[in-house]
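Dear colleague,

Please find below the structure that I am handing over to you. My findings follow directly after it.

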Amino acid sequence: MIGVDLGIKHLAVFSDGRPTAENPKHYDTARRKLGRLSRTIARRLGPDRRTGQQPSKRWQRADAARNRVHYRTANLRRDALHKLTTSLAREYGTIVVEDLNVSGMLRNRRLARVVADAGFGEIRRQLAYKTRWNGGTLEVADRWFPSSKTCSGCQAVTPKLPLRIRMYVCDHCGLVLDRDENAALNLAALVKRHVAGSGPETENGRGADRKTPSCGAGGIEASTPH
Ligand SMILES: [Zn+2]
């Protein structure tokens, strides 16, 4: 069993001391290249639908070069994610991740690029089918489970923990631990407790069943089928 905390600072932090998977940040590296190529393209004679202008050969060459960078970046990312998820699914019977609100995070412009780059949603998707292939299970912690704010030593919950604070310091038992390691430990412990107490597991990744009143006044999360 392993708890996996997906993050922006690091791609993934693990509960069992396995070395942290760094965020590859391929896109950040490629971004400078892409910016330069885009300027080159802008200076050349491109196609114009209104005037029927055909692109110049030089424009086409520059455009192809930019596409190659995009393509290579996508491949590098895919490769890194597959390697991570494959080794996890092979080595562990149960993998616990958080149900990150990926689409919500993508709506936050400040987070969007890094989140999309790290491929959080993709990691979970791959883990889901690869654990199945290997006879394991992927457990998804409830979206409102305070994995970062809970002390992995004494279970005390810290009410506030801004993202910039990288160390978890417990006021109750004095535990001092890397924030993400603490979260990974909580995720692993969550399933240990769950399994001990038995009961149906939510194997479905979309386990966002927050207990909302059945009257339908579900607040902002309630969706109207349209
Ligand atoms: Zn504590």
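A residue is called buried here if its relative accessible area is under 20%, exposed if that area is over 50%, and partly exposed in between. By this criterion, 38% of the 226 residues in the chain are buried. Please note that this is a predicted model.

Overall architecture. The chain contains six helices and six strands, which follow one another from the N terminus in the order β-β-α-α-β-α-α-α-β-β-β-α. Of the contacts with a separation of 6 or more, 60% join residues 24 or more positions apart. The chain exposes about 14,200 Å², and carbon and sulfur atoms supply 52% of that area.

Nonpolar cores. The largest nonpolar core has 19 residues, and those with the most contacts inside it are Val 4, Phe 14, Leu 84, Leu 88 and Ile 95. At least two residues of this core come from each of the following elements: strand S1 (2-6), strand S2 (12-14), helix H2 (57-91), strand S3 (94-98), H5 and strand S4 (137-141). A second, separate core consists of six residues, including Val 96, Phe 145, Leu 187 and Val 191. Leaving aside residues up to four places away in sequence, Val 4 touches Ala 12, Val 13, Phe 14, Leu 88, Ile 95, Val 96, Val 97, Glu 98 and Leu 187.

Helix H5. This helix covers residues 120-133, 14 residues in total, and reaches 20 Å from its first C-alpha to its last, close to the 20 Å expected at 1.5 Å a residue. Its buried residues are Phe 120, Ile 123, Arg 124, Gln 126, Leu 127, Tyr 129, Lys 130 and Thr 131. After H5 comes Gly 135, with a positive phi near 75 degrees.

Zinc site. The protein donors of the zinc ion are the SG atoms of Cys 151, Cys 154, Cys 170 and Cys 173, which lie 2.2 to 2.3 Å from the ion. In sequence, these donor residues are spaced C-x2-C-x15-C-x2-C. Why is the arrangement of the four donor atoms tetrahedral? The angles that they subtend around the zinc ion are 107 to 113 degrees, and four donors count as tetrahedral if all angles lie between 85 and 135 degrees. Two of the donor residues may be set side by side in terms of accessibility. Cys 170 has a relative accessible area of 4% and is therefore buried, whereas Cys 173, with a relative accessible area of 42%, is partly exposed.

With kind regards

Note on methods: Residues numbered from 1 in each chain as written. Predicted model: local features only at pLDDT ≥ 70, side-chain atom pairs only at ≥ 80, totals over all residues. Heavy atoms only, no water. Helix = DSSP H or I, 4+ residues; strand = E, 2+ residues; numbered from the N terminus. Expected span 1.5 Å × (residues − 1). Buried < 20%, exposed > 50% of the residue type's maximum accessible area, 1.4 Å probe, protein only. Donors = N, O, S within 2.8 Å, 3.2 Å for Na, K, Ca; no water. Tetrahedral: all angles 85-135°; square planar, octahedral: opposite > 155°, others 65-115°. Contact = heavy atoms within 4.5 Å. Areas by Shrake-Rupley, 256 points an atom, 1.4 Å probe, with all protein chains shown as cover. Core = buried A, V, L, I, M, F, W, Y, C linked by side-chain atoms within 4.5 Å.
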